[in-house]
Amino acid sequence: MKNDMRFTYPLWQMAGIFIIMGFVLLVGYASTMNTFPDGGFEFEISLNKSSSIFMMVMLVSTVLYLLLFFLRIVKHNKIMPKHKISMTTYKPQEYLEDDELFQDVTKQATKKVYTYFAWMLPVMAGVYMMLPISKTWMIVGILIVAAGQYYIYYRTIRKFMSSV
């Protein structure tokens with residue numbers, strides 16, 4: 001169980017979310033969008049020196065992340081052929097349904113995530129309606145909530161695994 005990537009999969013998802021967040025912030029601050037009376041629009045990204053460097057760092061981070069993620073999945077699938085991880089399925093790979101105990105832990109973690117969303121989404125909607133928040137920061141807020149779900153799930157599974 002030590003090399004089972006399904007336990008650390010939420011951390012990988014969080015890392016991917018934070019990389020996406022960097023791109024959202026970069027595009028949000030470096031872009032302008034103009035609309036025209038005839039229904040057309042124009043989208044322009046203007047990068048200064050520091051933005052260009054940040055863009056290059058983000059691109060390198062993305063490539064490294066995807067490479068490491070792919071290699072880790074390949075390693076996991078070689079070590080644990082009964083618990084292969086597929087990148088092309090709709091079912092979350094971190095679900096642990098090997099036996100009744102793992103099913104119960106997955107159920108508990110999923111319940112916590114559901115409760116988190118049941119509170120966070122209405123709170124976010126209220127905040128977004130009351131405050132003049134830009135679209136960029138709305139998207140960042142949604143990404144933070146998404147990262148939070150993976151943190152809650154990981155913390156619950158980790159707590160269980162440390163007690164076993």
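Met33, Phe41, Phe43, Ile45 and Leu47 make a nonpolar surface patch of about 520 Å². In a patch of this kind, each residue has over 30% relative accessible area and no salt bridge, and nonpolar side chains are joined within 5 Å, while the accessible areas come from the Shrake-Rupley method with a 1.4 Å probe. The largest share of the patch, 3 residues, comes from strand 2, residues 41-45, where strands are DSSP runs of E with at least two residues and helices are runs of H or I with at least four, numbered from the N terminus. Ile45 is found in strand 2 and is partly exposed, with a relative accessible area of 40%; buried means under 20%, exposed over 50%, and partly exposed in between.

This is a predicted model, in which local features need pLDDT of at least 70 and side-chain atom pairs count only at pLDDT 80 or more, whereas totals for chains, interfaces and linings use all residues. Residues are numbered from 1 along each chain as its sequence is written, and side-chain values use heavy atoms, with hydrogens and water left out.

The structure also holds 5 aromatic pairs, which are rings of Phe, Tyr and Trp (its six-membered ring) with centres within 6.5 Å, counted as stacked when the planes are under 30 degrees apart, edge-to-face when over 60, and tilted for the rest. One of these pairs is formed by Trp12 and Tyr65, which are tilted, at 6.0 Å centre to centre and 45° between the planes. This pair links distant parts of the chain, since Trp12 lies in helix 1 (residues 9-30) and Tyr65 in helix 2 (residues 49-79), 53 residues apart. Tyr65 counts as buried because its relative accessibility is 13%. The rings of Tyr65 and Phe69 have their centres 5.6 Å apart and their planes at 10°, so this pair is stacked. Tyr65 and Phe69 both lie in helix 2, 4 residues apart, about one turn of the helix. Tyr9, Trp12, Tyr65 and Phe69 form one aromatic cluster.

Helix 2 has 31 residues and reaches 45 Å from its first C-alpha to its last, close to the 45 Å expected at 1.5 Å a residue, a span taken as 1.5 Å times one less than the number of residues. Its buried residues include Met55, Tyr65, Phe69 and Ile73, and what covers the buried residues of helix 2 includes helix 1.

Note on methods: Patches are made of residues with over 30% relative accessible area and no salt bridge: like charges are joined within 9 Å, nonpolar side chains (Val, Leu, Ile, Met, Phe, Trp, Tyr) within 5 Å. A salt bridge is a side-chain nitrogen of Lys or Arg within 4 Å of a carboxyl oxygen of Asp or Glu. Buried means under 20% relative accessible area, exposed over 50%, partly exposed in between (1.4 Å probe, protein chains only). Contact means heavy atoms within 4.5 Å.
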